[in-house]
Amino acid sequence: MSGESRPERRPARRHLALVVDDDPAMRTLVKDLLVWEGVGARELQSGEDLMEAVEPEEVTLVVLDKEMPGASGLDLVADVRRRRPGLPVIFITAFGGPGVRTQAMRLGATAYLDKPFRVGDFLQTVHGVLGRSAPGCWTSERADGR
């Protein structure tokens, strides 16, 4: 065998996140961050897509934007909470503030982040929601922003 180093081996994915945002660049960024951390992720562009995809038990996390055409993220948080009461929801928005944060959390969001967010803050939030030792949730220094 040559002196080549082997690529880092990721744990098996045991989490599946749904990333719901009408902005394709943000949706892909969030999905890529989750995948980088060992969390499976699917991109969805609307609340209607979310309501169709949230039922299966393999879905273990929703990352949800506030401002989208059709149903707002606030409406969707309440719908997710009714359909899947224990399913964690990370609510992200560029149009927030204390009132929106309070409303999102009251409706059932597990965590809240304002856009733009720091990558480290997002990853720490994911780890906090899924549990740092949760199977399939990669724990590394990257979660600390390093």
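**Helices over the sheet**

I began with helix α3 (residues 73-83), which lies across β3 and β4 and runs at about 180 degrees to β4. Helix α1 (residues 24-36) lies across β1 (16-20), β2, β3 and β4, at about 170 degrees to β2. For my own reference, axes are lines fitted to C-alpha atoms, for helices over the stretch in contact, and angles run from 0 to 180 degrees between N-to-C directions. Helices (H or I, at least four residues) and strands (E, at least two) are DSSP runs, numbered from the N terminus.

I noted the provenance too: this is a predicted model, where local features need pLDDT of at least 70, side-chain atom pairs count only at pLDDT 80 or more, and totals for chains, interfaces and linings use all residues. Residues are numbered from 1 along each chain as its sequence is written, and side-chain values use heavy atoms, with hydrogens and water left out.

**The sheet**

In what order do the five strands of the open sheet come? I read β2-β1-β3-β4-β5, with parallel pairing; two strands pair if DSSP finds at least two bridges between them. The strands β2 (40-44) and β5 stand at the edges with a single partner strand each, so one side of each has no neighbour in the sheet. On average, neighbouring strands here are turned by 20 degrees against each other, direction ignored.

Leu64 stands opposite Phe91 in β4.

**Aromatic pairs**

I found two aromatic pairs in the structure. My criterion was that rings of Phe, Tyr and Trp (its six-membered ring) pair if their centres lie within 6.5 Å; planes under 30 degrees apart count as stacked, over 60 as edge-to-face and the rest as tilted. Phe91 and Tyr112 are stacked, at 6.0 Å centre to centre and 20 degrees between the planes. Phe91 is in strand β4 (residues 89-93) and Tyr112 in strand β5 (residues 111-114), so this pair ties together parts that are 21 residues apart in sequence. Phe91 is buried at 0% relative accessibility, and Tyr112 is buried at 7%; buried means under 20% relative accessible area, exposed over 50%, partly exposed in between (1.4 Å probe, protein chains only).

Phe117 and Phe122 are also stacked, with 5.3 Å centre to centre and 25 degrees between the planes. Phe117 is buried at 14% and Phe122 at 0%.

Which side chain makes a polar contact of 3.1 Å with that of Asp65? I found Lys115. A polar contact is a pair of N or O atoms within 3.5 Å; within protein, one must be able to donate a hydrogen and the other to accept it, and residues adjacent in sequence count only if both atoms are side-chain atoms. Asp65 is in strand β3 (residues 61-65) and is buried at 4%.

Thr93 lies in strand β4 and is buried at 0%. A polar atom of the Thr93 side chain lies 2.9 Å from the backbone nitrogen of Phe95. Beyond four places in sequence, Thr93 is in contact (heavy atoms within 4.5 Å) with residues including Asp65, Tyr112 and Lys115.

**Last entry**

I looked up the peptide bond between Lys115 and Pro116: it is cis, with omega about -5 degrees. Pro116 sits in the loop between β5 and α5 (119-130).
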